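Hi everyone, thanks for coming.

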Amino acid sequence: MLCLIKAEIYKLVHDRSFFILLALSIVLGGFLMLDQGELTGYESVFASLYNAPILMLLTCVFGALYIGKDFADHTLYHIICAGHSRNHVFLSKTILFVAGSNMILLLQPILSIALNAGIYGWGHQSFGSDLKEIIKLFLTTAVLNAAMCGISLLAAFICKDVGKTLSIPALFYFLTIFLLNGPNAKEIARFIPLGQLRLLIGDSSSTGAALLVGIIFLGCFCVAAGRIFNHSELY
Amino acid sequence: MSDIILTTNNLTKKYNHTLALDNINLNIERGRMYGFIGQNGAGKTTLIRLIVGLSFPTSGELYLFGKTGKQALQEQRKRIGCMVETPALYPNMTAVQNLEVQRIQRGIPDRHVIRETLELVGLDDYLTGRKAVRNFSLGMRQRLGIAIALLHDPELLILDEPINGLDPMGIAEMRILLKRLNAERGTTILISSHILNELYQTVSQYILINQGVLIEELTQSQLNEKCKRHIALQTNHVENALLALENRLHIKDYQVMPDGTIKLYDHLDDMEGISSTLMKEGVLITGMTMAGDTLESYFLHRIGGEKHALSH
């Protein structure tokens, strides 16, 4: 398992598309922050996280290129032929995909907070006293991001290609956005990770509910994708 | 230690209502080179997929190095190197990076294996290059695919169509490499290929498969025996011809085929003598040719597809 994770890290580090997506998320996130004016470090925590869901589309592309392409190029099959269990293959792939997706989604907020804090100061009690709350907020956001990425996982392990692994999560993303802009948005938001992300920024004390929704979604997607992969015929 | 490293017992694979493999019973012995022969869709790749764990059997048993069961088979697959159909490569990485991924994945501590393996398959020019694999020719990809299969010095090497895309020089080099691996390292090799003449020069055992059924297993010498040169003789009276050949020319080494053709393995350089003897005995010769099967024609005979092949 450790070998598999090491190999996945090596692949990610040598994957140009990952770094392009990372750069794109920083640039896009930066643009979205432009209309916010001068923000202190503390204010930019919430402003940058508010924009993070818009970058979610980039993780759909990442999922297609990172997992879907492994199926399309048949490179994933080598790992199974090398005598690794399908569960380990799935887990290592999932861990690195979730980590990579969170890097794409959270690097820009982190950079933005650091930059604004450096230029305009922290602007709240003190960074030290807020640190615990910010870490909790980021960890919850990471779980919710992972939950949203779960659909990419499921699509990749069902469709085993690039095209559908990109289009299904993108469709799911737009559907979620549509629902969150509808008349019952507030009620629906409580049951959807993307909605919980927005609720979390409005009320950062609601991490419990957000974590619960995130873990349930992530768990369901992972169990379903894992089981499908375990019984898949690989062509 | 057992000499049989791979056994299948009534291995069957069904896809919906299609029977891809029908009760395959097979033994692969250590240190031998096997040629896996069959038409497209005969079940060769399906069997290879079952062996390497990409697919699951519908019924039957598979033993690898004497072990069976999901966990044990998974463990034993670490001793196998394979290339199924096309080489599976990371197109944006270099040859060295592709091998590095496999090295890490397999937990091989020695980095030198990459250099050694690239040298082995004749890709040592790409040790320091930055050329991405997507820019490689088909032949180079094929070599790299084989390098990946060889990286951990496997005991059993399974190659599905390994010489596809190789130029004549590349094919000859590959043949030499496989023979060397077999002779020097004792690697058991299972190759599936459509290029039967090439297979004939490489392997020592043949496994013939047709429509999911294993039709024959034979050694090189058995094949040579079955394909050996002979005079194919057609006459108006088989019994009289045989009497004349036995009594007058003392020919004992012959075979009568179901269509009445007499295959003479003796007196190959005396066609005139045979024809004059038969004429004297009043036997009319309707056909007389020097013949000898190749692996290809033998295979076509066995699967009954000769007519089909000739009609194209």
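Let me start with terms: on a 1 Å grid over the protein atoms alone, a cavity is a set of points where a 1.4 Å probe fits but cannot get out, while a pocket is an open set with protein on both sides within 12 Å along at least five of seven lines, and lining residues have an atom within 4 Å of a point. Grid points are joined across faces, edges and corners, and a volume is the space filled by probe spheres set on those points.

This is a predicted model, where local features need pLDDT of at least 70, side-chain atom pairs count only at pLDDT 80 or more, and totals for chains, interfaces and linings use all residues. Residues are numbered from 1 along each chain as its sequence is written, chains are lettered from A and ligands numbered from 1 in the order in which they are written, and side-chain values use heavy atoms, leaving out hydrogens and water.

Cavities, then. The whole structure holds 3 of 30 Å³ or more. Helix 6 (168-185) of chain B provides the largest share, 4 residues; helices (H or I, at least four residues) and strands (E, at least two) are DSSP runs, numbered from the N terminus. By type, this lining splits into 7 nonpolar, 2 polar and 2 charged, where Ala, Val, Leu, Ile, Met, Phe, Trp, Tyr, Cys and Pro count as nonpolar, Asp, Glu, Lys and Arg as charged, and the others, Gly among them, as polar.

And which residues lie nearest the centre of the largest cavity? They are A:H74, A:Y77, B:V84, B:T86 and B:A88, out of 14 lining residues. The volume there is about 120 Å³, and helix 5 of chain A gives the most to the lining, with 3 residues.

Now the pockets. The largest has about 480 Å³ of space and 23 lining residues, with B:H230, B:M257, B:K263, B:D293 and B:H301 nearest its centre. Strand 13 of chain B contributes the most, 4 residues. Its lining comprises 6 nonpolar, 8 polar and 9 charged residues.

The second largest pocket, at about 360 Å³, is lined by 6 nonpolar, 11 polar and 4 charged residues. Nearest its centre are B:G53, B:S55, B:F56, B:K70 and B:R77.
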